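Welcome! Have a look at the chain below, and then let us walk through some of its features together.

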Amino acid sequence: MVKQYFQDLRLEFKDYNNKKLSQDVMAGLTVTAVALPLALAFGVSSGAGAPSGIISAILAGIVMGGLAGASYQVSGPTGTMIAILASVYASFGSEGIFITGFISGILLLLAAVFHFGKLVSFIPAPVITGFTSGIAVIIALGQIDNFFGTTSVGSDNIEKILSYGRLGFSPNIYAVLIGVLVMAIMIFWPKKWNAKVPSSLAGLIIALALNWVVDFPVKLVGEIPSTIFLENRLSLGSLSLGMVFKLLSPALSVAILCMIESLLCGASAGKIKNEPLKADRELIAQGLGNMIIPFFGGIPASAVLARTSVGLKSGGQTRMVSLVQSAGLLLSMLFLGKFISRIPMAALAGVLMVTAWRMNEWNEIKYIFDKKFGNAILEFAITMVATVMFDLTIAILIGVLLGIMTFVMKNSDLKIDVSKVDLKRIKGHDVAEDCSDTIIVYLTGPLFFITREKLEQLVEHSIEAENMIISMRAVTSIDESAIIEFKEVVNKISKIGTKMMFCGVQDNVKEMFDQSGFTDIIGEECFFWDAIEAFRYLNIIQTEKIAI
């Protein structure tokens with residue numbers, strides 16, 4: 001993999017010139033403008049603070065972007081993880097967030113080693129849409145205090161909302177005005193201006209300028225250090241088995257979300273640039289990044305489609321876009337820290353409120369509701385509610401299990417169609433007229449424990465027939481339960497005196513028949529590729545009977 005990485009790197013930078021460098025620099029600076037407000041907002045909403053968000057974005061751009069499985073991936077802190085990190089912070093503080101990020105990095109490396117990236121394709125689209133919407137709700141709920149300038153207590157958003165009943169809810173009018181102002185700017189900012197100055201950055205600049213002049217009595221971001229080594233960061237001494245076990249569940253959630261978001265980002269962006277993502281290498285990049293970032297005081301990160309697509313649409317050519325973004329964020333932190341520290345928290349809350357709204361995959365949601373896809377709507381709704389009410393890992397598992405159950409129920413119907421032999425349709429195939437007392441039973445669908453009881457219908461159909469040909473061309477799979485049921489059915493039909501034959505049996509089904517001993521019960525001579533061969537066999541038997 002290392003050798004392949006350097007080969008791909010040489011290919012990526014082949015014929016690299018000043019023109020491509022200037023394109024990468026401009027694209028990287030554009031991504032910086034998009035990433036800065038979001039990094040600040042996600043850092044604050046996680047509980048670790050704005051500096052942690054910036055540090056995460058800087059290091060993610062360098063480590064994850066530099067080692068990424070494709071030239072276009074841009075990584076940083078994301079909204080999908082905020083719900084988990086805020087919950088961890090409420091119970092374990094910043095140290096808990098750092099340990100969670102470190103463990104998630106290890107889990108991502110293991111996922112790369114065992115090629116778990118392929119599992120993402122097994123998650124139904126409505127499930128992904130559902131937990132994305134659920135996370136958006138959690139982010140919005142988590143910003144109520146910052147947006148309204150209120151105070152609440154509790155380990156999760158539900159407890160915090162309920163605490164208003166005891167503590168009271170007295171909004172700070174100045175905080176609300178700032179939050180609404182930023183939201184309005186982001187919503188109504190002209191698209192042609194957004195290409196040069198992102199609406200979120202414009203909102204923060206205007207809110208900062210207004211607060212600088214008027215000095216509203218609102219909570220501010222606070223001091224921004226002029227170093228990438230934050231005072232509050234992970235140390236090896238804080239890693240204990242007790243903490244690791246306590247934080248294993250949220251770390252697993254972070255790792256799963258990172259894997260899903262990074263690989264889906266790569267799949268989507270890869271279509272734009274026509275460059276496939278190397279999934280295992282991407283997971284290694286994400287794993288190493290999340291192991292390194294906590295030691296600098298940053299929060300977990302992953303590849304982000306919004307920033308990645310901005311980089312591509314701005315003319316980015318190589319992974320230099322990600323590196324330039326990091327350089328831009330570092331310079332902003334070192335030289336603009338004085339201004340960043342004066343940004344009102346309500347302004348960041350406004351950014352997150354709009355971001356949460358835009359996180360929803362509205363086209364997908366509208367599609368499944370407009371088309372009235374009942375199963376998809378159910379998967380979406382249950383996953384979204386589970387995401388808000390429970391741990392994200394549980395929500396994903398519930399969604400996946402629901403998707404599997406829906407698929408199984410929808411595709412578990414075994415159809416049994418019966419028809420008598422029409423000799424006119426097989427004219428010229430040299431079959432005996434006495435074969436007219438033969439029926440063909442067509443089985444369509446999977447044969448497994450759910451559908452096995454339907455096989456009992458074969459006994460009923462065999463009563464009036466001398467010969468029964470069972471066509472299994474449309475049976476693609478069979479399990480042990482169905483074979484056991486088949487044996488009982490064959491035994492009953494044999495007692496009736498009906499001759500049974502099989503045709504069109506798929507190779508994998510025949511292997512199960514052979515392995516289970518079912519073939520020995522029926523007899524190898526009773527298996528044919530098509531019904532015509534079975535008729536010829538019956539013709540031979542009938543001829544022998546007549547001769548005797």
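Phe 245 is exposed, because its relative accessible area is 61%, and an exposed residue is one with over 50%. This is a predicted model, so please read every value here as computed from that prediction. Phe 245 belongs to helix α11.

**Residues in loops**

- Is Gln 143 buried or exposed? Its relative accessibility is 3%, so Gln 143 counts as buried, the cut-off being under 20%.
- You can find Gln 143 in the loop between α5 (125–142) and α6 (144–148).
- Leaving aside residues up to four places away in sequence, Gln 143 touches Ser 45, Ala 349, Leu 352 and Met 353.
- Asp 15 sits in the loop between α1 (2–12) and α2. Asp 15 counts as exposed because its relative accessibility is 58%.
- Most residues other than glycine have a negative phi. Against that background, look at Asp 15, where phi is positive, near 65°.
- Asp 215 also has a positive phi, near 55°, and is a residue other than glycine. Its place is the loop between α10 (199–214) and α11 (241–246).

**The sheet**

- Which strands form the open sheet, and in what order? There are 5 strands, arranged as β3-β4-β5-β6-β7, and their pairing is mixed.
- The edge strands are β3 and β7 (527–528), each of which pairs on one side only.
- Strand β4 (residues 438–444) is mostly covered, with 5 of its 7 residues buried.
- Strand β3 (residues 415–420) and β4 run antiparallel and are joined by 6 bridges. In this pair, Val 418 stands opposite Val 441 of β4.
- β4 also pairs with strand β5 (residues 467–474), this time in the parallel sense, over 6 bridges. Here Ile 439 is opposite Met 468 in β5.
- In a regular strand, side chains alternate between the two faces of the sheet.

**Helices that pack together**

A handy idea to start with: two packed helices are described by the angle between their axes and the distance between the axes.

*α4 and α13*

- The axes of helix α4 (residues 82–113) and helix α13 (residues 279–292) come within 7 Å and cross at roughly 160°. The two helices are therefore roughly antiparallel to each other, as an angle over 145 degrees counts that way.
- α4 passes α13 in a left-handed crossing.
- On the α4 side, the contact is made by Gly 101, Phe 102, Ser 104, Gly 105, Ile 106, Leu 108, Leu 109, Ala 111 and Ala 112. On the α13 side, the residues are Asp 280, Leu 283, Ile 284, Gln 286, Gly 287, Leu 288, Asn 290 and Met 291.
- Sorted by class, the contact of α4 with α13 has 10 nonpolar, 6 polar and 1 charged residues.

*α2 and α14*

- Helix α2 (residues 18–46) and helix α14 (residues 305–313) have axes that come within 8 Å and cross at roughly 165°. α2 and α14 are therefore roughly antiparallel to each other.
- The crossing of α2 and α14 is right-handed.
- From α2, the contact draws on Ala 27, Thr 30, Val 31, Val 34, Ala 35, Leu 38 and Phe 42. From α14, it draws on Arg 307, Val 310 and Gly 311.
- The classes in the contact of α2 with α14 are 7 nonpolar, 2 polar and 1 charged residues.

*α22 and α23*

- At what angle do the axes of α22 and α23 cross? Helix α22 (residues 480–496) and helix α23 (residues 507–516) cross at roughly 65°, and their axes come within 11 Å.
- The crossing of α22 and α23 is right-handed.
- Glu 480, Ile 483, Phe 486 and Lys 487 of α22 make the contact with Met 512, Phe 513 and Ser 516 of α23.
- Those residues of the contact of α22 with α23 divide into 4 nonpolar, 1 polar and 2 charged.

Methods: Residues are numbered from 1 along each chain as its sequence is written. This is a predicted model: local features need pLDDT of at least 70, side-chain atom pairs count only at pLDDT 80 or more; totals for chains, interfaces and linings use all residues. Side-chain values use heavy atoms; hydrogens and water are left out. Axes are lines fitted to C-alpha atoms, for helices over the stretch in contact, and angles run from 0 to 180 degrees between N-to-C directions. Helices (H or I, at least four residues) and strands (E, at least two) are DSSP runs, numbered from the N terminus. A crossing is left-handed if the near helix is turned anticlockwise from the far one by less than a right angle, and right-handed if clockwise. Contact means heavy atoms within 4.5 Å. Ala, Val, Leu, Ile, Met, Phe, Trp, Tyr, Cys and Pro count as nonpolar, Asp, Glu, Lys and Arg as charged, and the others, Gly among them, as polar. Angles under 35 degrees count as roughly parallel, over 145 as roughly antiparallel, 65 to 115 as roughly perpendicular and the rest as oblique. Buried means under 20% relative accessible area, exposed over 50%, partly exposed in between (1.4 Å probe, protein chains only). Two strands pair if DSSP finds at least two bridges between them.
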